[in-house]
Amino acid sequence: MKTTSTLFRRPLVAGLGLLLVSNLPVAQAQQRTPPAQPPAGSLQAATPSGPWTLQAAVDYALDHNLNVRQSRLSAQLADVTLLQSRAALWPTANLNGSQTWNYGTSINPLTNDFQSQTTRSNNFSANTQVTLFSGFQLRNTIKRNVLEYEASLGDIEKARNDLALNVASAFLQTLLAQELVRTNQARVNSTQQQVDRTQVLLKAGSVAESNLIDSRAQLATDQLNVITAQNQETLARLQLAQFMNLNEAATQTLQITTPPLPDPDELSLADVNASATYQIAQANQPDIKAADLRVQSAIRNVEVARGAYYPRLFFGAGVFTGYSSARNLTVIGSDSSARRTTFYVNDPNGGAIIPLSVTTYQRDVSVLPQRYWDQLDSNLGRSLQFNLQVPILNGLQARTNVQRSRIAVSQAELRAEQTRLVLRQTIEQAYADALAAQRQYTASKEQVESLTLAYRNSEIRFNNGLLNGTEFNIAKNNLTAAESSMIQAKYSFIFRRKVLDFYQGKPIEL
């Protein structure tokens with residue numbers, strides 16, 4: 001007998017979209033700062049005790065799941081990248097300083113003279129540069145990074161929504177496994193009573209011994225089904241705990257509440273239209289918004305690449321000064337000494353030689369090292385510079401970058417189209433699964449009612465010795481299979497119906 005359900009076994013991720021549970025908080029793409037993540041080491045913080053509701057399980061998972069935290073970090077990285085691109089519009093400014101010792105022959109950095117001595121020199125400079133024009137690359141880069149940051153916020157929302165959906169799926173799987181355990185345990189109790197009753201009838205000679213053997217064989221089968229269902233419950237609870245990132249102790253004691261769930265025949269699919277649901281969903285889903293934003297980002301990146309075709313104009317300014325221990329200052333003293341010198345020159349009129357006396361005055365001259373701060377002041381220099389770069393031929397880098405960017409636009413458009421296709425197919429599949437599950441539940445419910453009457457009739461005949469154990473067990477196993485099929489159809493319909501409610505913009509709660 002098959003008692004396991006395969007409808008919830010695989011984790012449900014982006015394809016099924018967002019699951020909102022009551023007032024489930026989700027990130028908004030319009031916010032400018034990624035949600036704060038819990039501090040490191042908080043994953044194993046105090047875990048709430050007592051039975052978990054679906055809302056509590058989702059809230060706890062959103063605070064502790066590593067995938068959600070990773071998405072937050074990616075958004076923070078995109079925010080830093082955006083900040084850096086905005087800062088690229090600002091001028092650059094740098095201060096430089098150096099101290100050098102020269103030994104032997106060297107060139108004085110201040111006088112450019114060769115010298116052969118040990119000197120100490122200092123060089124100081126300050127410079128700044130600003131981009132006046134760069135083909136609008138800086139501003140287009142900012143616009144592109146804004147779109148990338150908003151898309152990363154959509155990724156956070158999508159990660160939170162996927163996690164909420166997975167938690168809800170595991171929660172319902174656990175509820176299904178628990179109900180299968182209860183159902184199979186009830187069958188074990190019923191079979192045990194049948195074994196006891198058969199033993200009494202056998203002693204009275206009313207039934208054959210083979211009936212008792214068949215009853216005991218059925219009891220063993222029912223007990224095996226209980227163990228199988230318990231194993232399924234353990235695995236479902238483990239999966240739920242893993243999505244919530246619970247520690248080992250909390251996983252061992254994890255218990256969930258059982259909310260009242262309506263039967264599928266109490267709900268209707270008349271208000272659900274797959275096409276209309278898709279139109280609502282594609283306007284609200286964060287993965288659709290993120291895909292569209294990345295298309296716009298790719299288009300903006302083409303403009304960034306095209307900016308390499310244009311000239312670049314920069315303006316820079318700087319100041320420079322320095323000190324050298326080899327630089328001296330010549331000092332002329334105030335005292336002077338007179339010296340009279342007589343020269344003899346020919347008379348220009350052809351006469352005799354004429355004596356000419358010249359008096360010269362000579363002042364004392366001394367060479368002194370120039371003081372540090374005076375030298376910095378006297379060596380101060382300034383500069384202004386305009387730098388124009390005109391691209392002519394650079395190995396076709398600009399052209400190929402533009403071509404790559406255009407191809408990236410086509411790729412982004414295909415990814416956005418693929419995202420919409422997956423969303424539409426998911427909605428259509430959820431609707432088809434819900435309709436099939438509802439029909440299966442209705443048919444299984446009628447089957448259970450019919451097989452219940454047949455089982456009761458078989459039980460009466462078996463107790464009166466009119467039916468052998470094999471035929472009685474067949475009737476019982478048929479009823480067991482029908483009940484299991486009805487339970488699985490019930491949970492499958494509830495989950496698919498709630499997913500469709502979400503895509504219609506309705507709050508989903510159990």
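## Around Ala61

Leaving aside neighbours within four places in sequence, Ala61 touches Leu163, Val167, Phe243 and Met244, where contact means heavy atoms within 4.5 Å. The C-alpha atoms of Ala61 and Met244 are separated by 4.1 Å, although the two residues lie 183 residues apart along the chain. Ala61 is found in helix H1, residues 54-64; helices here are DSSP runs of H or I with at least four residues, strands are runs of E with at least two, and both are numbered from the N terminus. With a relative accessibility of 0%, Ala61 counts as buried. Buried means under 20% relative accessible area, exposed means over 50%, and partly exposed falls in between, using a 1.4 Å probe and protein chains only.

Please keep in mind that this is a predicted model: local features need pLDDT of at least 70, side-chain atom pairs count only at pLDDT 80 or more, and totals for chains, interfaces and linings use all residues. Residues are numbered from 1 along each chain as its sequence is written, and side-chain values use heavy atoms, with hydrogens and water left out.

## The protein overall

The secondary structure comes to 10 helices and 8 strands. Of the 510 residues in the protein, 40% are buried. Among contacts with a separation of 6 or more, 84% are between residues 24 or more positions apart.

## Aromatic pairs

The count comes to 6 aromatic pairs. Rings of Phe, Tyr and Trp (its six-membered ring) pair if their centres lie within 6.5 Å; planes under 30 degrees apart count as stacked, over 60 as edge-to-face and the rest as tilted. One of the pairs joins Trp52 and Tyr60, edge-to-face at 5.4 Å centre to centre with 70° between the planes. Both Trp52 and Tyr60 are buried.

The rings of Tyr372 and Trp373 have centres 5.4 Å apart and planes at 85°, so this pair is edge-to-face. Tyr372 is partly exposed at 24% relative accessibility, whereas Trp373 is exposed at 66%. Elsewhere, Phe133, Phe136 and Tyr310 form one aromatic cluster.

## Helices H9 and H10

Helix H9 (residues 397-463) and helix H10 (residues 469-503) have axes that come within 6 Å and cross at roughly 155°. Axes are lines fitted to C-alpha atoms, for helices over the stretch in contact, and angles run from 0 to 180 degrees between N-to-C directions. That crossing makes H9 roughly antiparallel to H10; angles under 35 degrees count as roughly parallel, over 145 as roughly antiparallel, 65 to 115 as roughly perpendicular and the rest as oblique.
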